Amino acid sequence: MQVPVVPSAPMAASALEQPAGPALAEAGGTELPALPSPAAGQTAADAALNMANMLDGAGGGISNDDLMSALQGAADAGQPMALYRLGVMYENGEGVEKDPVKAFGYFSQIANDHADAAPKGLEADIVAQSFVKVGEYYKEGLPGAGIVADADRSYALLMHAATYFGDADAQYRVGELYLQDDKIGINPLQGARWLSLAARKGHVAAQAKLGDLLFNGDGIQAQPAEGLMWLTLAHNGTVGTADEGWVNDLLTSAMSLATPKERSDAVKMIKKYGPQFTAH
């Protein structure tokens, strides 16, 4: 099994831009970057699913065998969307027998062949998500593919997706690591920084975790109004999803402790900044 290559690359410019937005907490003398506009476009999963639907005649055209043949043909030609879709199918057992080794193979092929793809556009999103998925396999290990658990390798792959590609899900995961992983060093300021990068792009889980962190001031200066803003945006974005319950619990807890002024300030911030940070 070929091991994915992580090229040397500068941090994506989008991760360093600082357009106008609500200021985040200052801690340790270092101010978190201001909030920029979100990235537009589909997610990798959406793109791969759309491709499968197109090949399937929008839901009722060809047999599963023909669909697999079409996807495999596109994958053999090196098309990232087809490789990604097959990886997801084998990872989850969608229309095929679940096979994490095959899934790893498809995701790692994308990561190997497209690691230095231009960090913008639909293909970049698919490549970035492939790095995230391969990183998860390295985190847990995959004996069937000869992959032993390697936290350092997992972190490097995740950081490539988060920095070079500016992928929101990768940035969210990096933020979580800085809040809970002793190996890389728990650092709430860095955690807030990475969560904020993902939150600005409409990543609702990142918005919820960032909001909770800012409201309570766990290791950083508390910013209750901004915390409520993020928690509310996350709540609105998770209605009817699997994340609704835990996000609602965080918001309810914060609202029970917030002062009337903090609530009022949060409403003003939502009206001013909310539309920028809602996933499209």
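H8 and H9 are oblique to each other, because their axes cross at roughly 140° and an angle has to be over 145 degrees to count as roughly antiparallel. This is a predicted model, by the way. The two axes come within 8 Å. H9 covers residues 204-216. The crossing of H8 past H9 is left-handed.

Who makes that contact? From H8 we have Pro188, Ala192, Leu195, Ser196, Ala198 and Ala199. From H9 come Ala206, Gln207, Lys209, Leu210 and Leu213. Sorted by class, the contact of H8 with H9 has 8 nonpolar, 2 polar and 1 charged residues.

Two of those names come back at glutamate 176. This residue lies in helix H7. Is glutamate 176 buried or exposed? Its relative accessibility is 19%, so glutamate 176 counts as buried; the cut-off is under 20%. Set aside neighbours within four places in sequence, and glutamate 176 is in contact with Leu195 and Lys209.

Let me step back to the whole chain. The protein has 280 residues, and 47% of them count as buried. Its secondary structure comes to 12 helices and 2 strands. Residues 24 or more positions apart account for 60% of them.

Next pair: H3 and H4. H3 is residues 80-92, and H4 is residues 100-114. They pack at an angle of about 155°, with their axes 7 Å apart. That angle makes H3 roughly antiparallel to H4. H3 passes H4 in a left-handed crossing.

On the H3 side, the contact uses Pro80, Leu83, Tyr84, Leu86, Gly87, Val88, Tyr90 and Glu91. On the H4 side, it uses Pro100, Lys102, Ala103, Tyr106, Phe107, Gln109, Ile110 and His114. By class, that contact of H3 with H4 has 11 nonpolar, 3 polar and 2 charged residues.

H4 also packs on H5. Here the axes come within 8 Å and cross at roughly 130°. That makes H4 oblique to H5. H4 passes H5 in a left-handed crossing.

The H4 residues in this one are Pro100, Ala103, Phe104, Phe107, Ser108, Ile110, Ala111 and His114. They meet Glu123, Ile126, Val127, Ser130, Phe131, Lys133, Val134, Tyr137 and Tyr138 in H5. The class count for H4 with H5 is 12 nonpolar, 3 polar and 2 charged residues.

Pick out serine 130 from that list. Serine 130 sits in helix H5. Which residues does serine 130 touch, not counting residues up to four places away in sequence? They are Tyr84, Phe107 and Ile110. Tyr84 is in H3, while Phe107 and Ile110 are in H4. Serine 130 and phenylalanine 107 are 23 residues apart in sequence, yet 5.0 Å apart in space, C-alpha to C-alpha. And serine 130 is buried, since its relative accessible area is 0%.

Now the cores. In soluble globular proteins, nonpolar side chains tend to be buried together. Here the largest nonpolar core holds 46 residues. Which members touch the most other members? Leu86, Phe104, Phe107, Phe131, Phe165, Val174 and Trp194 do. H2, H3, H4, H5, H6, H7 and H8 each supply at least two residues of this core. The largest share, 9 residues, comes from H5. There is also a second, separate core of 20 residues. Its members include Tyr172, Ala225, Met229 and Leu233.

Where is it? Serine 253 is found in helix H11, residues 244-257. Its relative accessible area is 38%, so serine 253 is partly exposed. Serine 253 and aspartate 212 are 41 residues apart in sequence. In space, C-alpha to C-alpha, serine 253 and aspartate 212 are 9.4 Å apart.

Key:
Residues numbered from 1 in each chain as written. Predicted model: local features only at pLDDT ≥ 70, side-chain atom pairs only at ≥ 80, totals over all residues. Heavy atoms only, no water. Axes fitted to C-alpha atoms, helices over the stretch in contact; angles between N-to-C directions. Helix = DSSP H or I, 4+ residues; strand = E, 2+ residues; numbered from the N terminus. Parallel < 35°, antiparallel > 145°, perpendicular 65-115°, else oblique. Left-handed = near helix turned anticlockwise from the far one by under 90°. Contact = heavy atoms within 4.5 Å. Nonpolar A, V, L, I, M, F, W, Y, C, P; charged D, E, K, R; others polar. Core = buried A, V, L, I, M, F, W, Y, C linked by side-chain atoms within 4.5 Å. Buried < 20%, exposed > 50% of the residue type's maximum accessible area, 1.4 Å probe, protein only.
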